[in-house]
Amino acid sequence: MRSHLLNGLTTEHYRSSVTEGVERVAAKLATTDRPFTGVTVDALTPRVDAIDLDRPLGDTAAVLDELEDVYLKDAVYFHHPRYLAHLNCPVVIPAVLGEAVLSAVNSSLDTWDQSAGGTLIERKLIDWTARRIGLGPAADGVFTSGGTQSNLQALLLAREEAKPGRAGWEEGDPLAKLRIFASEASHFSVQKSARLLGLRQEAVVPVPVDHDKRMQTVALAHELERCTRDGLVPMAVVATAGTTDFGSIDPLPEIAELCARYGVWLHVDAAYGCGLLASLKYRDRLAGIERADSVTVDYHKSFFQPVSSSAVLVKDAATLRHATYHAEYLNPRRMVHERIPNQVDKSLQTTRRFDALKLWMTLRVMGADGIGQLFDEVCDLAAEGWKLLAADPRFDVVVEPTLSTLVFRCIPAAVTGPAEIDRANLYARRALFASGDAVVAGTKVGGRHYLKFTLLNPETTAADIAAVLDLIAGHAEQYLGESLDRAS
Ligand SMILES: *Cc1c(COP(=O)(O)O)cnc(C)c1O
């Protein structure tokens, strides 16, 4: 069994095994003609159940055959141009190469003595990102597992910075006084984080959005005023730069102005919109982001990186101390004075993947412009898709896209009421998924069911969008036909 350990003696085995796997995946990617097979849970479960994990096959080729059956054959393929559902991107090849390298070397980025150069590469990418945002000379940050963790860490820092030193603060239940302001269209990880941070259910104050799904700053000002008047403590404003459903970007300059006036931490959740940091055409849509105290970026959404690749950035490196704990065996305090760079001092994680390498390989091979161009292409595609939808009487589309999502619904001509429109759209989404011809997402707007395209594949064309819209309309019509049959 030692022959399976990756070491100097097994490099030939390593090379042939990995190559065999790469060959399979390459062949798969080249031949998938649909984003999904439409396999059901019931069909797939027995195939996975039948495998006895206590009886290994021993042989790589046999295991890859088995994997074909339980996973590769029926996986959901994000690289296919008709996968239009969630915030998943097709990945760039330099990043996949980075993934292979970082797994094989297996550095852990918590301490210098487990990563050496990896630490410096991560730090350089953090500096690069902070410079693109414009956070200034004292900025810092760290890679995380995703936007959820980045938001949690940012709000942890905000909470610690918000605790007033005044007498009486610690009496009673101080955390009960803290409030976070985020738009109605913000990500649910804001609520989750607040609960994890010991805040109350009502701590996250939803701020209404305007017609374009951007936070209403007049409403925010009103809420901040009310908060202080009621003797509560505004802990943070979370501005979203790219809401998950609509790609809308909250008015960052106005929000920054209000945060400055009330002395509130500004967190910008740019998990999705961060792709604009590399854009050649639309960078100005992020204007004002440089005034943030903290920023979430998900490279695994709009930088075409494999999951996971994400970071949290801060304007003032000193605030990261709220995540610093020392262990004698790992990162003793003296190492700070010895100037040994231990990234664990800034992170919620301990053992941590060298995800930064993927972005490094990407920037070194393609450059930031290469990434920005891809993101610009999907934003332009969304604009084209909006025109198609707006001109098509079969559909109702919610907002003109700022990034690359389209939220819409089908309104079949023969439909009788809103509940039936809901059911027709739910049916169309399910039927499309079951067919495997395309994968689309769904969401609710104003209590009604809508469909959503998240466009992150530059290979998707306007013709693909038109074809998928026809499929959706076809399924919706079919649903109405069937429900008429049922009624008669
Ligand atoms: C996706 C998303 C998140 C969460 O990021 P994960 O990487 O999925 O944890 C947070 N905020 C916004 C706006 C998002 O779109």
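## The shell around the ligand

In this predicted model, the ligand is surrounded by 15 residues. The closest of them are Gly 147, Thr 148, Asp 269, Asp 298 and Lys 301. By class, the shell around the ligand consists of 10 polar, three charged and two nonpolar residues.

Two helices, H6 (147-162) and H10 (299-302), each supply at least two residues of this shell. The largest share, three residues, comes from H6.

## Polar contacts and burial of the ligand

For Asp 298, the distance from a polar side-chain atom to a ligand oxygen is 2.7 Å. For Thr 244, a polar side-chain atom lies 2.9 Å from an oxygen atom of the ligand, and for Lys 301 the corresponding distance is 3.0 Å.

The ligand taken alone exposes 380 Å². The protein buries 85% of that area.

## The pair of helices H1 and H3

Two packed helices are described by the angle between their axes and by the distance between those axes. For helix H1 (residues 11-31) and helix H3 (residues 60-70), the axes come within 11 Å and cross at roughly 25 degrees.

Angles under 35 degrees count as roughly parallel, and H1 and H3 are therefore roughly parallel to each other. The crossing of H1 and H3 is right-handed.

Note on methods
Residues numbered from 1 in each chain as written. Predicted model: local features only at pLDDT ≥ 70, side-chain atom pairs only at ≥ 80, totals over all residues. Heavy atoms only, no water. Near = heavy atom within 4 Å. Polar contact = N/O pair within 3.5 Å; in protein donor to acceptor, adjacent residues only side chain to side chain. Areas by Shrake-Rupley, 256 points an atom, 1.4 Å probe, with all protein chains shown as cover. Helix = DSSP H or I, 4+ residues; strand = E, 2+ residues; numbered from the N terminus. Nonpolar A, V, L, I, M, F, W, Y, C, P; charged D, E, K, R; others polar. Axes fitted to C-alpha atoms, helices over the stretch in contact; angles between N-to-C directions. Parallel < 35°, antiparallel > 145°, perpendicular 65-115°, else oblique. Left-handed = near helix turned anticlockwise from the far one by under 90°.
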